[in-house]
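Please open the model in your viewer and keep the selection panel at hand.

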Amino acid sequence: MTYLRYELIRTFRNIRFVIFAFAFPLVLYLVIAAPNRNEHSLAGTGISAPLYYMVGLATFAVMTGAVSSGARIAAERQVGWNRQLRVTPLRSRTYLVTKVVTAYAMALVSILLLYAAGIALGVRMSAGDWLEMTGLLLVGLIPFAALGVLVGHLVSADTIGPVMGGVAALLALLGGTWFPITSGFMYDLARSLPSYWLVRASHVPIGSTGWGSLGWLVVAAWSVALIALAARAHRRDTRPA
Amino acid sequence: MPSATTSHRRAFAVELAMLAKTFHTPAEPVHAVRGVNLRIAPGETVALLGPNGAGKSTTIDMLLGLANPDTGLVRVFGRPPADAVAEGSIGAMQQTGGLIPDLSVRELVTMVASLYVDPMKVDDVLELTGIEDIARQRTNRLSGGQTQRVRAAIALVGDPELLVLDEPTVGMDVESRRSFWQTMRTYASTGRTILFATHYLDEADDYADRAVLMARGRVVADGPTTVIKAMVGSRTIRATLSNADRVLLHSLPGIVSVDRHGEAVILSCSDSDAAIRALLQAYPDARDIEIIGAGLEQAFLQLTADQPPPGIPRQASAPQQENLL
């Protein structure tokens, strides 16, 4: 627990990281959603612009936050901290759980900040809907937390910034963070991506049942695949040479 | 080996038997470690000496469980290295390694302490390593020498039975080195075992009970530092002699080799006491006499100079650990 506590302190003390993870999505949200606050059915989805972008930018924020938490593994590898930890009794499982819990702590802060901004712009829904939406966001985050660990073990600290920025931006775009994707090839592609289902959590308050079986299937498949790959990358990186 | 006779039942702190490791590079296989045998009894402080490429760091990696040997056995307190690490019996300061940022020195040491079942008190470690005054500083704002001391604190905080230090004083100034070794001496005095690799031969001389010399993946000498020095012409006599006769000088007792430049002679001695007596009898007018201790540097050069070049199988005539002692 002490180890986790200092890992969290460390993460939230990194000013650049905190600004990028929290302030950046928040500002973007206000810039995009505030001028459209009276748009009650964005592109015919039946979802108001403030709600849609609240979830869209929460998706973007939790995605980049989760991935970059894991990706901090790359920085620890670069300075040789991982080798130092390998000669302590710290177990692999504890190390990875710490990284994932940190990712989730970051995500929760992002989500709450965007919710507050959303409420300020007039987003209203029942407590049950808020909870359900949050639940979907947190479940939908699993594959991204795994992706962070995977990339953290594969990519060097120098290149991880552009790699993660690029991957997250692309997944956000294709998943519908910036505008709704409702038909055609892009729609079929989007529905196979975990980022789409994060954005899709915004459908909760309009009565659609969250994800449906396709959503759960896609998120589960990505989770299983990325967790397996992340575990393999971690083992390869930590076994004796 | 000195420690082998003390007890056959008690586990060695470190036992390496026929340890070998080859790295396969695209160009050619690199035989980093080629059959290392080493036993260290609990409580010993041992220096591991050798030039770059001698196999010191690879040996240490295998000792810490960071690398697997191709052949041979590694035991730490009678257990595989991974078990000893999991129990917190090993503390290590590896050759390379920085600190993670965004924590204070105290926080980082506390964080590492939390990984051990029975760590030292953080305050005690900070005091032992002399970093109380920088305890509140961020780890990313330390000088090289301060960083090394924090790394030492991290290695010590688990209160390990075996401390492994791979060139720990690189980047430290003279004063830092001195206080660093004072810390380690204090720790060793509590009965802990220390193995350190170093390039600074005077450190081995000053702080180790025993020196192990490695060259080209093998142990070429192993013994008390005093014995190592005695083995290889421990002292040199310099003097100014008129009419010096090489053949006569060579015939004097205790003299191994003679080097003459005009009137100046340099005599390498296996027994400088006998040599100086004989020299003054033969040359009562000898002037400017100096007797210089060789130090490990010279011992080291002489021992490793006899080794066959890489890739050529070891000759029977090459010095063996056994016949050196």
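Predicted model: local features only at pLDDT ≥ 70, side-chain atom pairs only at ≥ 80, totals over all residues.

Residues are numbered from 1 along each chain as its sequence is written, and chains are lettered from A and ligands numbered from 1 in the order in which they are written.

**Stop one: chain A.** Select chain A, which has 11 helices and zero strands; helices (H or I, at least four residues) and strands (E, at least two) are DSSP runs, numbered from the N terminus. Its C-alpha trace spans about 55 × 35 × 30 Å along the principal axes. The radius of gyration of chain A is 18 Å, in agreement with the value near 18 Å for a compact globule of 241 residues; it is taken over C-alpha atoms, and the globule rule is 2.2 Å times the number of residues to the power 0.38.

**Stop two: the sheet of chain B.** Next, display the open sheet of three strands in chain B, with the order β2-β1-β4 and antiparallel pairing; two strands pair if DSSP finds at least two bridges between them. Because β2 (29-40) and β4 (71-76) of chain B stand at the edges with a single partner strand each, one side of each has no neighbour in the sheet. Strand β1 (residues 14-24) of chain B pairs with β4(B) over five bridges. Select Glu15(B) to find its bridge partner in β4(B), Arg75(B).

**Stop three: two helices.** Move to helix α3 (residues 105-113) and helix α5 (residues 144-156) of chain B, whose axes come within 9 Å and cross at roughly 25 degrees. Axes are lines fitted to C-alpha atoms, for helices over the stretch in contact, and angles run from 0 to 180 degrees between N-to-C directions. On the α3(B) side, select Val105(B), Leu108(B), Val109(B) and Val112(B); on the α5(B) side, Val150(B), Ala153(B) and Ile154(B) make the contact. Residues are in contact if their C-beta atoms, placed from the backbone, lie within 7 Å.

**Stop four: where the chains touch.** Finally, show both chains: 27 residues of chain B are in contact with 20 residues of chain A. On the chain B side, α2 (81-86), β5 (90-93) and α3 each supply at least two residues. The largest share, four residues, comes from α3(B).

Methods. Contact = placed C-beta atoms within 7 Å.
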